Amino acid sequence: MLDEPWTLSPSVRLRPEPFGALAYHFGNRKLMFLKRPELVAVVRGLAEQPDIRRALASAGVSERQYSSYVAALRGLAANDVILRRDEEVTA
């Protein structure tokens, strides 16, 4: 997953919160909590970076934390909050 291109789903809106953000998917109506501002920065930066590894680095996440962030991103992917860029659909 680290070397794959991902992006925020066009069906998802992020609402900033003191703890991070709320992610609401208008298609499946799921609400998810992004509990770290750094995770929000990673998710917002996915479309601008060639892969997750670069999005993590760009958000200032240390390499030793990558596995926990990848686990969080897998959860977001399982709920269609983020999509592989080759799987994108238009809203």
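Which residues are linked with Glu-4 in a network of salt bridges? Glu-4, Arg-84 and Asp-86 make up the network, and the legends below return to this group. This is a predicted model, in which local features need pLDDT of at least 70, side-chain atom pairs count only at pLDDT 80 or more, and totals for chains, interfaces and linings use all residues. Residues are numbered from 1 along each chain as its sequence is written, and side-chain values use heavy atoms, with hydrogens and water left out.

**View 1. An open sheet of three strands, in the order 2-3-4**. Pairing in this sheet is antiparallel. Strands (E, at least two residues) and helices (H or I, at least four) are DSSP runs, numbered from the N terminus. Two strands pair if DSSP finds at least two bridges between them. Strand 2 (12-17) and strand 4 (31-34) stand at the edges. Each has a single partner strand, so one side of each lacks a neighbour in the sheet. Neighbouring strands are turned by 20° against each other on average, direction ignored. Axes here are lines fitted to C-alpha atoms, for helices over the stretch in contact; angles run from 0 to 180 degrees between N-to-C directions. Helix 1 (residues 37-45) lies across strand 2, strand 3 and strand 4. Helix 1 runs at about 150° to strand 2. Strands of a sheet pair through backbone hydrogen bonds, either parallel or antiparallel.

**View 2. The hairpin of strand 2 and strand 3**. Two residues lie between these strands. Six bridges join strand 2 to strand 3 (residues 20-25) in the antiparallel sense. Val-12 has His-25 as its bridge partner. Arg-15 stands opposite Leu-22. Glu-17 is partnered by Gly-20. Glu-17 also forms a salt bridge with Arg-15, with the closest N and O atoms 2.5 Å apart. A salt bridge is a side-chain nitrogen of Lys or Arg within 4 Å of a carboxyl oxygen of Asp or Glu. Glu-17 is partly exposed, at 23% relative accessible area. The classes are buried (under 20% relative accessible area), exposed (over 50%) and partly exposed (in between), with a 1.4 Å probe and protein chains only.

**View 3. Strand 3, its cover and its link to strand 4**. Five of the six residues of strand 3 are buried, so this strand is largely enclosed by the rest of the structure. Strand 3 and strand 4 run antiparallel and are joined by four bridges. Ala-23 has Met-32 in strand 4 as its bridge partner. The hairpin of strand 3 and strand 4 has five residues between the strands. Arg-29 sits in this loop. Its phi is positive, about 60°, although Arg-29 is not a glycine. Arg-29 is exposed, with a relative accessible area of 66%.

**View 4. A nonpolar surface patch of Phe-19, Leu-31 and Phe-33**. The patch covers about 290 Å². Patches are made of residues with over 30% relative accessible area and no salt bridge; like charges are joined within 9 Å, nonpolar side chains (Val, Leu, Ile, Met, Phe, Trp, Tyr) within 5 Å. Accessible areas come from the Shrake-Rupley method with a 1.4 Å probe, and for residues only the protein chains shown count as cover. Phe-19 lies in the loop between strand 2 and strand 3. Phe-19 is partly exposed, at 33%.

**View 5. Ser-9 and Asp-80 in their loops**. Ser-9 belongs to the loop between strand 1 (6-8) and strand 2. With 4% relative accessibility, Ser-9 is buried. Ser-9 touches His-25, Asp-80, Val-81, Ile-82 and Leu-83, not counting residues up to four places away in sequence. Contact means heavy atoms within 4.5 Å. Asp-80 lies in the loop between helix 3 (66-78) and strand 5 (82-84). Phi of Asp-80 is positive, near 60°, in a residue other than glycine. Asp-80 is partly exposed, at 36%.

View 6. Asp-3 is exposed, at 53%, whereas Arg-53 is partly exposed, at 33%. Glu-4 and Arg-84 meet in a salt bridge at 3.1 Å, N to O.
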